[in-house]
Amino acid sequence: MPLCSSLPRMSRAARASAWLLVCCLSVAAPADDASPARSSDGLPPAVNRKVDFVADVQPIFRACCFECHATGNEEGGLNLGTRSRVMEGGDGGPILTAGDSVASRLIHRVASVDESSVMPPEGDRLSNEQIGILRAWIDQGAEWPPEADIADPRTERAREHWAFQSLQSVTPPEIDRGRWGANPIDRFLLARLDDEGLAPSPPANSRQLMRRIVFDLTGLPPTPEELDAFVAACEVDREDALQSLVDRLLASTHYGERWGRHWLDVARYADSDGQEGDKDRPHAYHYRDFVIRAFNDDMPFDRFVRWQLAGDEYEPDNRAAVAATGFIVAGPHTVLGDTFLEEELLRNRYNELDDMVATTGTALLGLTFGCARCHDHKYDAISAREYYRFLSAFHSGDRKEVKIGGKGPKILAFEDFGPEPATTWLFERADFYDRDQQVQLGFLEVLLRGTTVDDYHASESDRPKPDSTYQRHALAEWLTDVERGAGPLLARVIVNRLWQHHFGEGLVRTVDDFGVRGESPTHPELLEWLAHDLAANGWRLKRLHRLMMTSAAYQQGTEFDPEKAAIDPAHRLLWRRRPQRLEAEALRDAMLAISGTLNLEPFGPAFKPPIPKEAIAARNLKSEYPADAKDDPATRRRTVYMFHKRVVPYPLLQAFDRPDLLQSCGRRDQSTVAPQALALLNDPFVRARASDFATRLVNECGDENGLLVMRAFNLALGRLPRDSEHAAAVTFIANQQRQRETRDAEQTAADIRHAAVTDFCQTLFGLNEFAYVD
Amino acid sequence: MNNRSVHCGRYEPIVNRRELLARAGGGLGMLALADLLCQTGGAAGEPDPVRPLAPRNGHFPAKATSVIWLFMEGGPSAVDIFDPKPELTKRDGERIDINVFFGDPGPLMKSPFQFQQYGESGAWVCEKYTHVARHVDDIAFIKSCYTGSDNHVPAIYQMNSGIPRPGFPSAGAWVTYGLGSENQNLPGYVVLGNTKGAKGGIHNWGNGFLPSTYQGTLFRPQGTPILNLERPADLQPGDQRAQLDLLARLNEEHLNAHSGEADLLARIQSFELAYRMQTEATDVVDLSQETPATRKMYGIDNKQSRSFGSKCLMARRLVESGVRFVQVYSDGEWDAHNKLTDNHSSHCAATDVPIDGLLTDLKQRGLWDSTLVIWGGEFGRMPVSQRGDGRDHNPNGFLTWMAGAGIQGGVSHGETDDIGYKAAVDPVSVHDLHATMLHLMGIDHERLTYLHNGRRYRLTDVEGELIHPILS
């Protein structure tokens, strides 16, 4: 449930918990009128049976008292979570005398008839039955087994939270309905659809399907020739054609370029420091290349994670492993001179460490750690102590440009200062001058199953890099430990990210928030099954891509049905395919590909495309953006290789919702605003690609406009125009030729035709069908 | 000083629950109901996805429907402009124990400028700001501001977004997210930038994690104001009209086949809007449509004040056209580490007549009662000298003023100490400034929220108190 903020001057925590209380009280028994109201001592009588603390008493504490009287919120100094604390009492002294409920203040407070002193202070009172249970428990000696202590109800709640559970092996529902019975994914989805009385949609035609799959896996459009071949192959054996298409694309470099880009958003990767100076990072691209190669090589995702946190500690001589630690240092950074006040330097240092902690938490675990920088997280079981223990992993090192064995290229990486961990403190309220409480490396309690941090430390013999603390190594081991560590959550989060990119939305829509405040999965068992499948089969993502893309659900058509939409307006049950909008990168790459000018050179230093001078609004940059960048083959590479300068973003990408890459971003905004239309109408890059597209068409089709229009549709949209479209396009080109002839008398006929065809090509780039893939 | 550099909007001191419910007025049920009703964060509910900038009502009637924020980048010195300190003059040359940004503090340094009292309120203004001085009875001076960083860029980010780091939504983005904008053919949040470029760049007017619709749009002071507003060289308006007609024609069948996708219609409309924007945005920055007398009133006839004057006049034209939020950056920097006399004299000369012109013009055009004008920098300057004749950054005490809609004129709120070093009486944080600005626009700063990565954020973080004495 989202937080409410409409009630001024009220504690958010209290507001939310007031809501919880409503829920709790509404299920609690109403006052029990059957039992006598009061006995001779003026209190409801004790129940006449043996009561059990765990079964009878603790549920009352949990429902009616914990909100104010447990760890995290001990009003009046009272904590009802543990026996020892209950026996201590609160600020007002003891509350309980074992064996004598009449002498116990607890009973008098819950049984009080005085509105101003009765507990709980608002909402329904305890029923006579409940008070009777408490009395009987006290009279019977107030037994409290030690294992029933609840150190922190948040941890307890977290222990029950679905995302923090061990991985379960789930059996797909037994449903066999033709195409929807083969793939386990479909059986889970179909079961839900059946429950709601919804039927799935018929499959998309093979032409639509190929366009969908090719864009999805490579971020590039299929060529008309590839389309024709696929359509023909489908007529022979559709399943076989589909399998081999997916296999072929997964084996292509373009797969890593596409899916690596998704991960680079999560890793908030960019090529400059950001902040005032926005210094370029000419050696950062090794991380980007590592990511692309890892996807292409189908590197097991657990190793992918381990290397990003501690590749240098695992394999200090492996360039890729070291480059992977670029993940830690991909965030914004400032170099402050020594003249700066100490406070400013410390603030900067801890802001950067916070970025590392926050990104690790969000990217890998879908958890928001940031709150715990200043205080225990109010909802998720992340304490400030745990935040600083986690931060300790990064506190002993910093960003550094390194060379492997002193040779080869410089790589922007993370490296510890030495073998000894730096001293880390718990800063109360993020006050970095508060150095009373030292802490050591540690992980989230709630994601430790019978292990402690010590279980994850590498043995002395297993430390090939002696001048490193191996704290990040321990962190990485815990994160990827499926049995007893954070592995299950890691698997759920990445599976969900994959699902989101294939289906438009995650099974958990809040892809970056799997905490107790995040949305619940629409298909929890499916998510569980996928996560389990990933972890049980070597963490191979390509296996999951195949599973998802060969599902009938993925291959559905896009046809809208108002009756189904009335049942499932948010379209969460996947009864059809929703068209997916091309992201900024795919849009740019598609224009290059279709115009025949895409330079497919992979990897290496990033290219800087021309940016209009007036779009470079920044002052005081340590690295200026070049004023003389050209629109030439070197800058017509795929967008994933573009230099992303944080303070000077490329306008076309910025217009189309490229994130600012200052924080981890698992789900991009999808805005529809006029500046996007302005870009498609007037941006020099768009016009130049339209012109290239026109050149290509004229070269391929000669003088015949009718033929040219056919080819243009086929290249841009993967289909031939309908008659009405064809007629409208041919008329448009003719009109534009006439218009231009009358005003540009000096131009050659060829130039005029080229300009008219350019006008047409540019219009194709603006089509909804171009931007949305069915 | 407050060390919390980033915050979440979740944690507030726990108040007694009984008291809290009494305040809420309706008891538990009401509380839960309110909880359910307010799951959307915009002022009057969630923005319409098809028309995200459509005007919406705030939480209560607004005093100001527009803001013009005159951002004095670099940090002007209060003791040299609006807040003279006799004690500082008296102790000129005395060394004190003080920490400054660049180290090596000099002795206390008196202001090089003469001051005079103006208006019925008797506000002091220095000899370099005599035109602005005419308006002191309409201005509320806030003399006790403080901020979190003494480094320019974090401090500018903080003044814009409440947080001294990039990546958080700016105040203008929050306001347009909450209220939309009156004119759909122009951006809702326009930035008239420092001609030298912005320190920290576009993140100063960024949307952060809000939808990108709400980011500030940088207008160029000359030529075509917005990027991509200018057609490619060989395209005439008729060509583009024909392109749009073909586009609509070809989109039609696709739209019919995709009736479930609201986005597609919005996208078709966005092209028409973009087409209209090309005319309207070009028009609104065309200052030749103003009389010579008006241009003179803004100091455009004078070389020194031409640039800032043009931006002030453009700001008025934008507000008149229904733009919600306009930020006008001063050119260069008030960052007088040395030669304070020269620096501040020149910046005063660049802005004095234009601000006078703007305030006068707003009054005579009936915009005064609907426009909030804010003047201030990201921090102030030290009472001690630097490099002999300059002053270093001072985040501990500085001055901001507000005027126009909803503001009590002739008021002075808060004080720094006797030498102008630290806010001493009624300190005002950046969050307080933001809370007050939102309040004047009809927004309760605690209720304008956005859920991002599991946290419900707001412009004022978990703080912000209204500055009641300056409200009319």
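**A buried helix and its neighbours**

Author: Start with α16(A). Its buried residues are A:Gln471, A:Arg472, A:His473, A:Ala474, A:Leu475, A:Ala476, A:Glu477, A:Trp478 and A:Leu479. Keep in mind that this is a predicted model.

Reader: How many of the residues of α16 in chain A are buried?

Author: 9 of the 9, over residues 471–479, so α16(A) is largely enclosed by the rest of the structure.

Reader: What do the buried residues of α16(A) pack against?

Author: Four chain A helices: α12 (301–314), α14 (342–365), α15 (384–395) and α17 (487–503).

Reader: Take α17(A) next. At what angle do the axes of α17(A) and α18(A) cross?

Author: Roughly 110°, and the axes come within 9 Å. Helix α18 of chain A spans residues 524–536. That angle makes α17(A) roughly perpendicular to α18(A), because 65 to 115 degrees counts as such.

Reader: Which residues make the contact?

Author: From α17(A), A:Gly487, A:Pro488, A:Ala491, A:Arg492, A:Val495 and A:Asn496. From α18(A), A:Leu527, A:Leu530, A:Ala531, A:Leu534 and A:Ala535. By class, the contact has 8 nonpolar, 2 polar and 1 charged residues.

Reader: Is the crossing of α17(A) and α18(A) left-handed or right-handed?

Author: Right-handed.

Reader: Switching topic. What domains is chain A divided into?

Author: Domain 1 is 12–151, and domain 2 is 184–255 + 490–567. Domain 3 is 300–485, and domain 4 is 684–773.

Reader: How far apart do the C-alpha centres of domain 3 and domain 4 of chain A lie?

Author: 54 Å.

Reader: Now α24(A) and α27(A). How do their axes cross?

Author: At roughly 120°, coming within 8 Å. Helix α24 covers residues 684–701 and helix α27 covers 749–766. The angle makes α24(A) oblique to α27(A). Their crossing is right-handed.

Reader: Which residues make that contact?

Author: On α24(A), they include A:Val686, A:Ala690, A:Phe693 and A:Leu697. On α27(A), they include A:His754, A:Val757, A:Cys761 and A:Phe765. The contact residues divide into 9 nonpolar, 5 polar and 1 charged.

Reader: And chain B, what is it divided into?

Author: Domain 1, at 53–223 + 285–470, and domain 2, at 231–283. Their C-alpha centres lie 38 Å apart.

Reader: How many residues of domain 1 of chain B are in contact with domain 2?

Author: 5 residues of domain 1 of chain B, against 7 residues of domain 2 of chain B. The domain 1 side divides into 2 nonpolar, 2 polar and 1 charged.

Definitions and conventions: Residues numbered from 1 in each chain as written. Chains lettered and ligands numbered in written order. Predicted model: local features only at pLDDT ≥ 70, side-chain atom pairs only at ≥ 80, totals over all residues. Domains from an automatic or database assignment. Axes fitted to C-alpha atoms, helices over the stretch in contact; angles between N-to-C directions. Helix = DSSP H or I, 4+ residues; strand = E, 2+ residues; numbered from the N terminus. Parallel < 35°, antiparallel > 145°, perpendicular 65-115°, else oblique. Left-handed = near helix turned anticlockwise from the far one by under 90°. Contact = placed C-beta atoms within 7 Å. Nonpolar A, V, L, I, M, F, W, Y, C, P; charged D, E, K, R; others polar. Buried ≥ 20, exposed ≤ 12 C-beta atoms within 10 Å, placed from the backbone.
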